[in-house]
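Hi,

Here's the structure I said I'd pass on.

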Amino acid sequence: MSNPVYLALDLPNLDAAKALAERVKSHVGGFKLGLEFFCAHGHHGVHEIAQIGLPIFLDLKLHDIPNTVAAAMHAIHVSEPAIVTVHASGGRAMMEDAKAAAPNGTKIVAVTMLTSLDERDLTRTGVDGNAHDQVMRLAELAQDAGLDGVVCSGQEVRAVHKRWKDGFFVVPGLRPAGSATGDQKRVVTPRQARDDGASVLVIGRPISRADDPVQAARDIEATL
Ligand SMILES: O=C(O)c1cc(=O)[nH]c(=O)n1[C@@H]1O[C@H](COP(=O)(O)O)[C@@H](O)[C@H]1O
(Lines give C-alpha, C1' and ligand atoms only; values in the text may rest on other atoms or scores of the structure.)
Protein backbone atom coordinates (compact mmCIF):
# COMPACT_ATOMS: atom_id res chain seq x y z
CA MET A 1 0.00 0.00 0.00
CA SER A 2 1.31 3.47 -0.84
CA ASN A 3 2.07 5.89 1.97
CA PRO A 4 -1.21 7.70 2.89
CA VAL A 5 0.53 10.66 4.56
CA TYR A 6 0.26 14.03 2.80
CA LEU A 7 2.59 16.54 4.40
CA ALA A 8 0.93 19.96 4.84
CA LEU A 9 3.54 22.43 3.58
CA ASP A 10 2.16 25.35 5.59
CA LEU A 11 5.24 27.51 5.23
CA PRO A 12 5.38 31.14 4.03
CA ASN A 13 8.78 30.74 2.36
CA LEU A 14 8.93 28.81 -0.92
CA ASP A 15 12.58 27.81 -0.61
CA ALA A 16 11.96 26.49 2.89
CA ALA A 17 8.89 24.56 1.67
CA LYS A 18 10.87 23.05 -1.22
CA ALA A 19 13.76 22.11 1.04
CA LEU A 20 11.44 20.43 3.55
CA ALA A 21 9.58 18.59 0.78
CA GLU A 22 12.85 17.30 -0.69
CA ARG A 23 14.05 16.09 2.71
CA VAL A 24 10.95 14.08 3.61
CA LYS A 25 9.81 12.94 0.15
CA SER A 26 10.77 9.29 0.73
CA HIS A 27 8.63 9.08 3.85
CA VAL A 28 5.36 10.68 2.72
CA GLY A 29 2.91 9.95 -0.10
CA GLY A 30 2.14 13.50 -1.25
CA PHE A 31 2.16 17.20 -0.42
CA LYS A 32 -0.75 19.32 0.69
CA LEU A 33 -0.62 22.96 -0.39
CA GLY A 34 -3.15 25.15 1.38
CA LEU A 35 -4.29 28.72 1.59
CA GLU A 36 -1.11 30.02 3.16
CA PHE A 37 1.02 28.48 0.42
CA PHE A 38 -1.26 29.32 -2.52
CA CYS A 39 -1.83 32.95 -1.50
CA ALA A 40 1.93 33.42 -1.17
CA HIS A 41 3.22 31.44 -4.16
CA GLY A 42 0.29 30.75 -6.53
CA HIS A 43 0.57 28.36 -9.47
CA HIS A 44 4.30 28.95 -9.69
CA GLY A 45 4.74 27.54 -6.19
CA VAL A 46 2.48 24.57 -6.92
CA HIS A 47 4.53 23.81 -10.03
CA GLU A 48 7.79 23.96 -8.07
CA ILE A 49 6.55 21.45 -5.47
CA ALA A 50 4.97 19.22 -8.15
CA GLN A 51 8.39 18.85 -9.76
CA ILE A 52 9.51 16.84 -6.73
CA GLY A 53 7.35 14.08 -8.17
CA LEU A 54 4.70 13.30 -5.54
CA PRO A 55 0.95 13.97 -5.93
CA ILE A 56 -0.34 17.42 -4.97
CA PHE A 57 -3.39 18.08 -2.81
CA LEU A 58 -4.53 21.65 -3.43
CA ASP A 59 -6.45 22.55 -0.29
CA LEU A 60 -8.23 25.76 -1.31
CA LYS A 61 -11.47 25.07 0.59
CA LEU A 62 -13.53 26.83 -2.06
CA HIS A 63 -16.79 28.28 -0.74
CA ASP A 64 -18.79 30.76 -2.84
CA ILE A 65 -21.72 30.86 -5.25
CA PRO A 66 -21.70 27.96 -7.76
CA ASN A 67 -20.63 30.11 -10.73
CA THR A 68 -17.63 31.54 -8.90
CA VAL A 69 -16.48 28.20 -7.53
CA ALA A 70 -16.77 26.59 -10.99
CA ALA A 71 -14.71 29.42 -12.50
CA ALA A 72 -12.05 29.04 -9.81
CA MET A 73 -11.98 25.30 -10.47
CA HIS A 74 -11.38 25.95 -14.20
CA ALA A 75 -8.51 28.25 -13.30
CA ILE A 76 -6.65 25.52 -11.42
CA HIS A 77 -6.70 22.99 -14.30
CA VAL A 78 -3.21 24.17 -15.12
CA SER A 79 -1.86 22.56 -11.92
CA GLU A 80 -3.57 19.16 -12.37
CA PRO A 81 -3.82 18.50 -8.63
CA ALA A 82 -4.69 15.02 -7.38
CA ILE A 83 -7.14 16.39 -4.78
CA VAL A 84 -8.97 19.73 -4.31
CA THR A 85 -11.19 20.81 -1.41
CA VAL A 86 -14.46 22.75 -1.33
CA HIS A 87 -16.68 23.47 1.70
CA ALA A 88 -19.74 21.22 1.96
CA SER A 89 -21.66 24.08 3.58
CA GLY A 90 -21.51 25.85 0.20
CA GLY A 91 -24.43 23.61 -0.72
CA ARG A 92 -25.32 20.94 -3.23
CA ALA A 93 -25.40 23.10 -6.38
CA MET A 94 -21.98 24.55 -5.56
CA MET A 95 -20.49 21.08 -5.09
CA GLU A 96 -22.11 19.74 -8.28
CA ASP A 97 -20.74 22.63 -10.30
CA ALA A 98 -17.32 22.30 -8.67
CA LYS A 99 -17.14 18.63 -9.63
CA ALA A 100 -18.34 19.33 -13.18
CA ALA A 101 -15.64 21.98 -13.62
CA ALA A 102 -12.81 19.89 -12.11
CA PRO A 103 -9.98 18.39 -14.15
CA ASN A 104 -10.47 14.75 -15.10
CA GLY A 105 -8.83 12.56 -12.51
CA THR A 106 -8.85 15.19 -9.76
CA LYS A 107 -10.69 14.10 -6.63
CA ILE A 108 -13.00 16.77 -5.23
CA VAL A 109 -13.61 16.40 -1.51
CA ALA A 110 -15.80 18.51 0.74
CA VAL A 111 -14.74 19.84 4.12
CA THR A 112 -17.47 18.93 6.62
CA MET A 113 -16.63 20.33 10.08
CA LEU A 114 -13.14 21.71 10.58
CA THR A 115 -11.03 19.72 13.02
CA SER A 116 -10.28 22.96 14.89
CA LEU A 117 -13.93 23.16 15.98
CA ASP A 118 -15.75 21.41 18.81
CA GLU A 119 -19.42 21.25 19.66
CA ARG A 120 -19.41 24.58 21.52
CA ASP A 121 -18.08 26.25 18.38
CA LEU A 122 -20.76 24.52 16.35
CA THR A 123 -23.51 25.86 18.62
CA ARG A 124 -22.07 29.36 18.25
CA THR A 125 -22.41 29.11 14.48
CA GLY A 126 -26.10 28.40 14.96
CA VAL A 127 -25.96 24.64 14.38
CA ASP A 128 -27.64 22.42 16.96
CA GLY A 129 -26.47 18.87 17.57
CA ASN A 130 -23.11 17.19 17.85
CA ALA A 131 -20.07 16.93 15.60
CA HIS A 132 -20.97 13.42 14.51
CA ASP A 133 -24.42 14.47 13.25
CA GLN A 134 -23.08 17.55 11.50
CA VAL A 135 -20.36 15.56 9.71
CA MET A 136 -22.80 12.82 8.69
CA ARG A 137 -25.30 15.36 7.35
CA LEU A 138 -22.70 17.17 5.25
CA ALA A 139 -21.12 13.91 4.06
CA GLU A 140 -24.50 12.77 2.77
CA LEU A 141 -24.92 16.09 0.95
CA ALA A 142 -21.46 15.73 -0.62
CA GLN A 143 -22.24 12.18 -1.72
CA ASP A 144 -25.57 13.29 -3.24
CA ALA A 145 -23.72 16.04 -5.11
CA GLY A 146 -21.45 13.46 -6.73
CA LEU A 147 -18.21 14.36 -4.96
CA ASP A 148 -15.44 11.83 -4.41
CA GLY A 149 -15.41 12.09 -0.63
CA VAL A 150 -15.06 14.37 2.37
CA VAL A 151 -12.63 15.84 4.86
CA CYS A 152 -13.53 14.99 8.44
CA SER A 153 -11.76 14.30 11.72
CA GLY A 154 -10.56 10.87 12.75
CA GLN A 155 -13.34 10.82 15.31
CA GLU A 156 -15.98 10.55 12.57
CA VAL A 157 -14.23 8.75 9.72
CA ARG A 158 -15.31 5.26 10.78
CA ALA A 159 -19.00 6.23 10.75
CA VAL A 160 -18.71 8.08 7.43
CA HIS A 161 -16.87 5.18 5.84
CA LYS A 162 -19.58 2.76 7.00
CA ARG A 163 -22.26 4.76 5.18
CA TRP A 164 -20.16 5.63 2.08
CA LYS A 165 -18.25 2.45 1.25
CA ASP A 166 -16.38 3.67 -1.85
CA GLY A 167 -15.81 7.23 -0.61
CA PHE A 168 -12.42 8.93 -0.43
CA PHE A 169 -11.72 10.24 3.06
CA VAL A 170 -9.19 12.90 3.97
CA VAL A 171 -8.38 13.14 7.67
CA PRO A 172 -6.41 16.03 9.21
CA GLY A 173 -6.10 16.92 12.90
CA LEU A 174 -3.70 14.03 13.44
CA ARG A 175 -1.26 13.88 16.31
CA PRO A 176 1.18 11.11 17.24
CA ALA A 177 0.59 10.10 20.88
CA GLY A 178 1.85 12.77 23.27
CA SER A 179 2.41 15.58 20.75
CA ALA A 180 1.01 19.12 21.08
CA THR A 181 -2.49 19.59 19.67
CA GLY A 182 -2.15 23.35 19.06
CA ASP A 183 -5.38 24.71 17.54
CA GLN A 184 -6.78 21.26 16.69
CA LYS A 185 -9.70 20.09 18.84
CA ARG A 186 -10.93 16.80 17.29
CA VAL A 187 -7.69 14.84 17.24
CA VAL A 188 -6.71 11.18 16.83
CA THR A 189 -3.41 9.40 16.07
CA PRO A 190 -2.44 8.70 12.44
CA ARG A 191 -2.74 4.95 13.05
CA GLN A 192 -6.22 5.27 14.51
CA ALA A 193 -7.41 7.30 11.49
CA ARG A 194 -5.94 4.79 9.06
CA ASP A 195 -7.53 1.86 10.88
CA ASP A 196 -10.89 3.65 10.81
CA GLY A 197 -10.89 4.09 7.03
CA ALA A 198 -8.98 7.27 6.16
CA SER A 199 -7.69 7.32 2.57
CA VAL A 200 -5.34 10.24 3.15
CA LEU A 201 -3.69 11.37 6.40
CA VAL A 202 -2.92 15.11 6.43
CA ILE A 203 -0.06 15.93 8.79
CA GLY A 204 1.64 19.30 9.16
CA ARG A 205 3.31 20.60 12.30
CA PRO A 206 4.14 17.21 13.88
CA ILE A 207 6.56 16.86 10.94
CA SER A 208 7.28 20.40 9.72
CA ARG A 209 7.95 21.81 13.20
CA ALA A 210 9.84 18.78 14.53
CA ASP A 211 13.51 19.23 15.41
CA ASP A 212 14.20 16.47 12.88
CA PRO A 213 11.37 16.38 10.29
CA VAL A 214 12.78 13.32 8.51
CA GLN A 215 12.87 11.32 11.73
CA ALA A 216 9.36 12.53 12.64
CA ALA A 217 8.03 11.42 9.24
CA ARG A 218 9.80 8.07 9.59
CA ASP A 219 8.41 7.56 13.10
CA ILE A 220 4.86 8.22 11.86
CA GLU A 221 5.38 5.94 8.86
CA ALA A 222 6.52 3.17 11.19
CA THR A 223 3.25 3.31 13.14
CA LEU A 224 1.09 2.78 10.05
O1 LIG B 1 -8.75 20.60 4.59
C2 LIG B 1 -7.81 20.40 5.37
O3 LIG B 1 -6.76 19.90 4.98
C4 LIG B 1 -8.05 20.64 6.80
C5 LIG B 1 -9.35 20.49 7.24
C6 LIG B 1 -9.62 20.48 8.63
O7 LIG B 1 -10.76 20.27 9.06
N8 LIG B 1 -8.59 20.66 9.48
C9 LIG B 1 -7.30 20.88 9.06
O10 LIG B 1 -6.42 21.01 9.92
N11 LIG B 1 -7.02 20.92 7.72
C12 LIG B 1 -5.65 21.22 7.26
O13 LIG B 1 -4.77 20.20 7.71
C14 LIG B 1 -3.52 20.75 8.11
C15 LIG B 1 -3.27 20.34 9.54
O16 LIG B 1 -2.04 20.82 9.95
P17 LIG B 1 -1.41 20.41 11.35
O18 LIG B 1 -2.41 20.72 12.42
O19 LIG B 1 -0.17 21.27 11.44
O20 LIG B 1 -1.09 18.93 11.28
C21 LIG B 1 -3.60 22.25 7.90
O22 LIG B 1 -2.94 22.55 6.68
C23 LIG B 1 -5.07 22.55 7.78
O24 LIG B 1 -5.34 23.59 6.86
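Let's begin with helix 2, where F37, H41, V46 and I49 are buried (20 or more other C-beta atoms within 10 Å of a residue's own, with C-beta atoms placed from the backbone). Helices here are DSSP runs of H or I with at least four residues, strands are runs of E with at least two, and both are numbered from the N terminus. Before you go further: it's a predicted model, so local features need pLDDT of at least 70 and side-chain atom pairs pLDDT 80 or more, while totals for chains, interfaces and linings use all residues. Residue numbers start from 1 along each chain as its sequence is written.

Those buried residues of helix 2 pack against helix 1 (14–24), strand 2 (30–33) and strand 3 (56–62). Helix 2 also has a kink of about 110°, centred on H41 (the angle between axes fitted to the seven residues ending there and the seven starting there).

Now the ligand. It has 18 residues around it, and the closest are A8, T115, P172, G204 and R205 (near means a C-beta atom, placed from the backbone, within 6 Å). Strand 8 (200–203) and helix 9 (205–208) are the elements giving two or more residues to that shell.

Cheers

Notes: Buried ≥ 20, exposed ≤ 12 C-beta atoms within 10 Å, placed from the backbone. Contact = placed C-beta atoms within 7 Å.
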